[in-house]
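This briefing goes through one protein chain, topic by topic. Keep the structure open and find each residue as it is named.

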Amino acid sequence: MSANDFKNQFWTVTAGDLSKKRAKLAAPRKAAKPAAGAAKIVVDPSQKFQDWLGVSAAITDSTAKLIWDQSKEQRDALLHELFDPEEGAYSVVRLPIGSCDFQSQDYYSLDDVPFGEHDNDMKHFSIGESKHGAKDATKDLKHIVPVLQEIVKINPAIKIISSPWFGPAWMKNTGHLTQGGHLRFGEFTGNGYAHKDHFEAVYAKYFVKYIEAYAQYGIPIYGVTIQNEPSNAAMWPAMIWTIPELANFGYEYLRPAWIKLTLTRRFSSGMVP
């Protein structure tokens, strides 16, 4: 498929003088025959060097808003061009869990309670209120969920990988969504001091609630990562992790929560593991 096959294109400079990165370039034209001296690129599928899951880009709240605010016809044409297997064939989408740096709404987590209060049972967990796609909808239901539903209709095989920029403020040592800080490692929340009462276990539950919430809207989450840019204490929503902390949380807390979710789904669907 050549550049000439797509209706929606924007070619620009991405190297050298970044002041030109917004300058639009003419889309390259497909030549009738290779130019003199052109190098031939040969793809040999029998030689495998690394796994290739797919290709696409992130859909943030701001991205989803730009797509959702278009007419149904414009939106449908764009999403088909990007995700239809017969057109752009994008096969992966990356989502933020909660807010990220590209937002059309105020920053939010999916379990917002004031710092100093705890919600270890996730009673306040929510990906948004009102009908998804409605003007008065909030959080993920405002833009991200309705856009994803249309993408899944176009390409049911799409793989969705989600990653948090931060945890809820009440789970962080700083009490703020932004400017880094870290999870309240080793501290307890709730009534007890068992493994399940660690903030790490509650945060793992946060991931599970997210996956379950999206499933209710017909959006399957293929995978998650623990943290976006774990060493970046940015002005926007962020949280810091060291490599040992990531490894310990993944093995001791997130992995068991993920396994429990998988087994629960199998039993509820009548499948015996």
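Q179 is partly exposed, because its relative accessible area is 47%. Q179 sits in the loop between β5 and α4, and its phi is near 60°, a positive value in a residue other than glycine. The model that shows this is predicted. The points below move from the whole chain to the core, the helix pairs and a few loop residues.

**The chain as a whole**

- The protein chain has 5 helices and 6 strands.
- Along the sequence, these elements follow the pattern β-β-β-α-α-β-α-β-α-β-α.
- The C-alpha atoms of the chain fill a box of roughly 75 × 45 × 40 Å along the principal axes.
- Of the 273 residues in the protein chain, 39% are buried.
- Among contacts in the chain with a separation of 6 or more, 66% are between residues 24 or more positions apart.

**The largest nonpolar core**

- In soluble globular proteins, nonpolar side chains tend to be buried together.
- Here the largest nonpolar core has 55 residues, and those that touch the most other members are L95, L148, Y203, Y210, Y214 and F249.
- The elements that give two or more residues to this core are α1 (61-68), α2 (72-83), β4 (92-97), α3 (144-154), α4 (199-215) and α5 (243-268).
- The most comes from α4, which gives 12 residues.
- Leaving out residues up to four places away in sequence, L148 touches V93, L95, I160, Y214 and I219.

**Helix α3**

- Is α3 mostly covered or mostly open? It is mostly covered, with 10 of its 11 residues buried.
- The buried residues of α3 are I144, V145, P146, V147, L148, Q149, E150, I151, V152 and I154.
- These buried residues pack against α1, α2, β4, β5 (159-164) and α4.

**How α1 meets α3**

- Two packed helices are described by the angle between their axes and the distance between the axes.
- For α1 and α3, the angle is about 65° and the axes are 8 Å apart.
- Angles of 65 to 115 degrees count as roughly perpendicular, so α1 is roughly perpendicular to α3.
- The crossing of α1 and α3 is left-handed.
- On the α1 side, the residues in the contact are D61, A64, I67 and W68, and they meet I144, P146, V147 and E150 of α3.
- By class, the residues of this contact are 6 nonpolar, no polar and 2 charged.

**How α2 meets α3**

- The axes of α2 and α3 come within 10 Å and cross at roughly 55°.
- α2 and α3 are therefore oblique to each other.
- Which hand does the crossing of α2 and α3 have? It is right-handed.
- From α2, the residues K72, R75, L79, H80 and F83 meet V147, E150, I151 and I154 in α3.
- The contact of α2 with α3 has 5 nonpolar, 1 polar and 3 charged residues.

- I59 lies in the loop between β3 (56-58) and α1.
- Buried means under 20% relative accessible area, so I59 counts as buried at 4% relative accessibility.
- Apart from residues up to four places away in sequence, I59 touches A64, F83, V93, R94, L95, P96, I144, V147 and I151.
- I59 and P96 are 37 residues apart along the chain, and their C-alpha atoms are separated by 7.8 Å.

**M122, in the loop between β4 and α3**

- M122 is found in the loop between β4 and α3.
- M122 has a positive phi of about 60°, although it is not a glycine.
- M122 counts as buried because its relative accessibility is 3%.

**H198, in the loop between β5 and α4**

- H198 lies in the loop between β5 and α4.
- H198 is buried, with a relative accessible area of 15%.
- Which residues are in contact with H198, leaving aside its neighbours within four places in sequence? They are G186, E187, F188, T189 and Y253.

Definitions and conventions:
Residues numbered from 1 in each chain as written. Predicted model: local features only at pLDDT ≥ 70, side-chain atom pairs only at ≥ 80, totals over all residues. Heavy atoms only, no water. Core = buried A, V, L, I, M, F, W, Y, C linked by side-chain atoms within 4.5 Å. Buried < 20%, exposed > 50% of the residue type's maximum accessible area, 1.4 Å probe, protein only. Helix = DSSP H or I, 4+ residues; strand = E, 2+ residues; numbered from the N terminus. Contact = heavy atoms within 4.5 Å. Axes fitted to C-alpha atoms, helices over the stretch in contact; angles between N-to-C directions. Parallel < 35°, antiparallel > 145°, perpendicular 65-115°, else oblique. Left-handed = near helix turned anticlockwise from the far one by under 90°. Nonpolar A, V, L, I, M, F, W, Y, C, P; charged D, E, K, R; others polar.
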